[in-house]
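Open the model in your viewer and keep the sequence panel beside it. We will go from stop to stop, selecting as we go.

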Amino acid sequence: MLDNKTEITLSILSNNQATLFGGSMQNTMNLLAEAEKVKDLSAWADEIGLSKRVLYTSKYREHLSPAVAGALAEKLGLDPKEWIVIAALESERESACKSRMVRKFLTGAAIAGTLMGAAGTATAAVASTAARAAVCILC
């Protein structure tokens, strides 16, 4: 059995994960907005070793690079690999392949986030691994 502090921490992480991977939270601007709730962009730039202009320009252009998205996700306690893929998919030109990958990847991420809240980290990891394995078969 987990102690009370650990249960509360897992609950907060599960809620954050479910929020970021459920519903409309499927783009890097939502990740940036969540980061801004914690600190301002200048503080984030200092923390992850970027010039302030990078994050402000990213916000203006409405897209984070995969590396920046991964770094922010990591600092927020989220899976950086998932956000790197989301950022990479955002930068792709529209195509049938991109549409399939977005559907496959983001559906798998949403399922993993839901399972994380319902059944714990181990179940979400299994679902996430299964989703990643399924992503590559169509392209």
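Select Glu 62. Glu 62 is exposed, because its relative accessible area is 59%. Here buried means under 20% relative accessible area, exposed over 50%, and partly exposed in between (1.4 Å probe, protein chains only). Glu 62 lies in the loop between α4 (52–61) and α5. Look at its backbone: phi of Glu 62 is near 60 degrees, a positive value in a residue other than glycine.

A word on the model before the next stop. This is a predicted model, in which local features need pLDDT of at least 70, side-chain atom pairs count only at pLDDT 80 or more, and totals for chains, interfaces and linings use all residues. Residues are numbered from 1 along each chain as its sequence is written, and side-chain values use heavy atoms, with hydrogens and water left out.

**The whole chain**

Switch to a cartoon view. How many helices and strands does the protein chain have? There are 8 helices and 0 strands. Both are DSSP runs numbered from the N terminus: helices are H or I with at least four residues, strands are E with at least two. Of the 139 residues of the protein chain, 34% count as buried.

**Helix α2**

Now select Thr 28. Its place is in helix α2. Is Thr 28 buried or exposed? Thr 28 counts as buried because its relative accessibility is 0%. Show its contacts, meaning heavy atoms within 4.5 Å. Not counting residues up to four places away in sequence, Thr 28 touches His 63, Leu 64, Ala 69, Trp 83, Ile 86, Ala 87 and Glu 90. Check Leu 64 in particular: its backbone nitrogen lies 3.2 Å from a polar atom of the Thr 28 side chain.

Step back to Asn 27. Asn 27 caps the N-terminal end of α2. A side-chain oxygen of Asn 27 lies 3.0 Å from the backbone nitrogen of Met 29. Then colour the buried residues of α2, among them Met 29, Asn 30, Leu 31 and Leu 32.

**The nonpolar core**

Select Leu 31, Leu 32, Leu 55, Leu 64, Leu 72 and Trp 83. They have the most contacts inside the largest nonpolar core, which has 22 residues. α2 (28–38), α3 (41–48), α5 (66–75), α6 (80–91) and α7 (96–119) each supply at least two residues of this core. A nonpolar core is a set of buried Ala, Val, Leu, Ile, Met, Phe, Trp, Tyr and Cys residues joined through side-chain atoms within 4.5 Å. In soluble globular proteins, nonpolar side chains tend to be buried together.

Zoom in on Leu 55. Leaving out residues up to four places away in sequence, Leu 55 touches Leu 32, Leu 41, Trp 44, Ala 45, Leu 50, Leu 64 and Val 68.

**Around helix α3**

The charged end of Lys 39 sits over the ring of Trp 44, 4.8 Å from its centre. That calls for NZ of Lys or CZ of Arg within 6 Å of the ring centre and within 35 degrees of the ring normal.

Next, select Glu 47 in helix α3. Glu 47 counts as partly exposed because its relative accessibility is 34%. Beyond its neighbours within four places in sequence, Glu 47 is in contact with Lys 39 and Lys 75. Glu 47 and Lys 75 are 28 residues apart along the chain, yet their C-alpha atoms are separated by 8.9 Å.

**Last stop: α7**

Select Val 102, found in helix α7. Val 102 counts as partly exposed because its relative accessibility is 25%.

Terms used
Polar contact = N/O pair within 3.5 Å; in protein donor to acceptor, adjacent residues only side chain to side chain.
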